[in-house]
Amino acid sequence: MDKMKNFFDKKKLDKRFKKAGTGHTLTSSTSANSHGEPAPNNHQATEQTSHRPSMTQSVESQLAGQAALLRLEKKYQPQLNSISKAARAQAQKELDEEKRALVESQRGSLSSKPSEKQFESAPVLPCVLLICPFCSNSQPKQTIDNHMLECLKDQLEENPSVVSVTIFLSCNRYPEKLAAGKDIFIRVFNNIINNPDQEKFRKLKCSTNAYKDKIQPMLGHQELLSAAGFTLQDIPLETNSEETESVWAVDGEPKVDLLKSLVSMLQEGEAMKPVLDRQPKLLTPKDVLSVGPVYYPDDFYNLSKEEIAREHQLRRERAEKELQLRTKAMRDRDALQEVRKYNYTLIRIRFPDNNILQLVFRAFEKFQDVLALVASSVAYQSVPFSLLDATGHSFEEDKFLSDLGLVPAAVLNFHWDEVVLREVMINSGASPDQHAKYLSDEFLSQFI
């Protein structure tokens with residue numbers, strides 16, 4: 001029974017193999033297709049292999065396909081309109097400008113010079129006085145020009161030619177305008193001197209640009225023309241016309257000798273300028289101790305809205321700077337952010353007897369000017385002395401007071417050479433125990 005079963009099973013298996021086609025081993029180069037067809041021979045396989053595309057052709061096909069896809073995507077990609085392009089360009093431009101401004105501000109913060117503020121003097125010197133060269137009276141700096149002009153006009157009747165030239169040279173402040181006006185006057189006067197018979201040189205029209213720009217703005221031009229023999233007249237423009245024009249004209253024969261003297265004074269004359277009043281003041285120890293406390297009204301401490309806003313802004317800027325990493329050069333620049341410049345300074349000389357001599361100087365005067373003025377006021381002018389600061393250091397004589405830090409006010413200590421002083425006092429008949437007298441009697445007489 002088993003043998004019959006095995007026999008029929010073997011027959012079924014053979015029948016299935018026959019239906020599957022010709023058999024082959026796994027290592028053979030030929031194989032049957034999935035439909036039971038016989039595998040092709042070597043010649044047919046070679047022909048099929050020759051018709052397959054190579055690897056290079058496959059890569060090129062892939063690249064061509066990718067390029068075609070990109071073209072299609074670009075074709076259907078939405079284009080930016082002109083408005084969006086302009087907006088993008090404007091935004092980019094603003095960003096570039098902000099970056100450029102930031103870079104320039106950073107560079108300028110290191111190289112920029114501190115701002116300067118100009119002041120006449122410190123509050124300790126409330127008023128600067130100048131001495132008029134014509135009457136020797138002291139006047140505030142703000143009114144000295146008008147005072148000088150009034151002084152000269154009071155003397156105009158006594159000597160018109162000299163006073164008129166003095167007004168023209170001394171009361172006009174700007175040298176360039178003064179030189180231009182002076183040249184025109186000299187040219188007009190010389191034309192009359194060289195051509196006294198020609199009437200055209202004896203007239204000066206007020207409508208010309210030269211007169212309006214270079215003569216009319218100058219102080220003293222009317223007095224100078226009147227002293228030269230000119231009179232202001234209104235003459236008709238034409239023979240039968242009612243319109244007139246103003247003209248400075250010389251009637252009759254010109255005074256040639258007077259014109260020559262005026263030309264000489266204009267060429268050789270110099271301006272007379274006011275002199276600084278030193279305002280000498282002698283302060284004794286009693287005067288210093290008698291100065292009481294200074295009281296201010298309550299509204300002095302009240303701040304306005306603008307002052308509060310300014311203080312808030314300064315504090316916010318200060319807080320922002322403290323959060324930044326800053327170099328020493330940047331910190332020093334901020335410390336000198338506002339450089340104050342003063343035109344005048346108050347110098348106090350303290351003598352060993354505690355008396356103080358107070359004097360006023362210009363900021364651009366040199367330290368040797370201070371030494372010269374003190375030397376002319378001491379009692380023993382042959383004794384060498386020195387002016388020292390609070391630490392005992394001396395100053396260079398050829399430097400300006402502003403460069404030495406003696407502006408807007410300073411206190412200097414007076415020191416004599418004790419050895420030379422004793423010798424001079426003994427030679428003058430004074431006893432060795434006698435105290436030295438620092439200021440001369442002539443200088444002290446002005447305080448009596």
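At what angle do helix α6 and helix α10 pack, and how far apart are their axes? This report on a predicted model starts there.

## Helices α6 and α10

Helix α6 spans residues 160–170, and helix α10 spans residues 256–268. The two pack at an angle of about 30°. Their axes are 10 Å apart. Angles under 35 degrees count as roughly parallel, so α6 is roughly parallel to α10. The crossing of α6 past α10 is right-handed.

On the α6 side, the contact is made by S161, V162, V165, F168 and L169. They meet L258, L262, M265 and L266 of α10. By class, this contact counts eight nonpolar residues and one polar residue. It has no charged residues.

## Helices α5 and α6

Helix α6 also packs with α5, here at an angle of about 170°. The axes of α5 and α6 are 9 Å apart. What does that angle say about their relative direction? Angles over 145 degrees count as roughly antiparallel, and α5 and α6 are therefore roughly antiparallel to each other.

From α5, the residues in contact are M148, L149, L152 and K153. Their partners in α6 are V163, T166, I167 and S170. The contact of α5 with α6 divides into five nonpolar, two polar and one charged.

## The largest pocket

A probe the size of a water molecule, rolled over the atoms, shows where empty space is left. The largest pocket of this model has a volume of about 580 Å³. Its lining comprises 22 residues. Which of them lie nearest the centre of the pocket? They are D145, C171, N172, R173 and K273.

Three helices each supply at least two residues of the lining: α5 (144–154), α7 (175–194) and α8 (209–215). Helix α5 gives the most, with three residues. By class, the lining of the largest pocket has twelve nonpolar, two polar and eight charged residues.

## Backbone details in two loops

Where is the cis peptide bond? It joins V407 and P408, with omega about 5°. P408 sits in the loop between β12 (385–388) and β13 (409–416).

S136 has a phi near 65°. That is a positive value in a residue other than glycine. The loop that holds S136 runs between β2 (129–131) and β3 (138–140).

Notes. Residues are numbered from 1 along each chain as its sequence is written. This is a predicted model: local features need pLDDT of at least 70, side-chain atom pairs count only at pLDDT 80 or more; totals for chains, interfaces and linings use all residues. Side-chain values use heavy atoms; hydrogens and water are left out. On a 1 Å grid over the protein atoms alone, a cavity is a set of points where a 1.4 Å probe fits but cannot get out, and a pocket is an open set with protein on both sides within 12 Å along at least five of seven lines; lining residues have an atom within 4 Å of a point. Grid points are joined across faces, edges and corners, and a volume is the space filled by probe spheres set on the points. Helices (H or I, at least four residues) and strands (E, at least two) are DSSP runs, numbered from the N terminus. Ala, Val, Leu, Ile, Met, Phe, Trp, Tyr, Cys and Pro count as nonpolar, Asp, Glu, Lys and Arg as charged, and the others, Gly among them, as polar. Axes are lines fitted to C-alpha atoms, for helices over the stretch in contact, and angles run from 0 to 180 degrees between N-to-C directions. Angles under 35 degrees count as roughly parallel, over 145 as roughly antiparallel, 65 to 115 as roughly perpendicular and the rest as oblique. A crossing is left-handed if the near helix is turned anticlockwise from the far one by less than a right angle, and right-handed if clockwise. Contact means heavy atoms within 4.5 Å.
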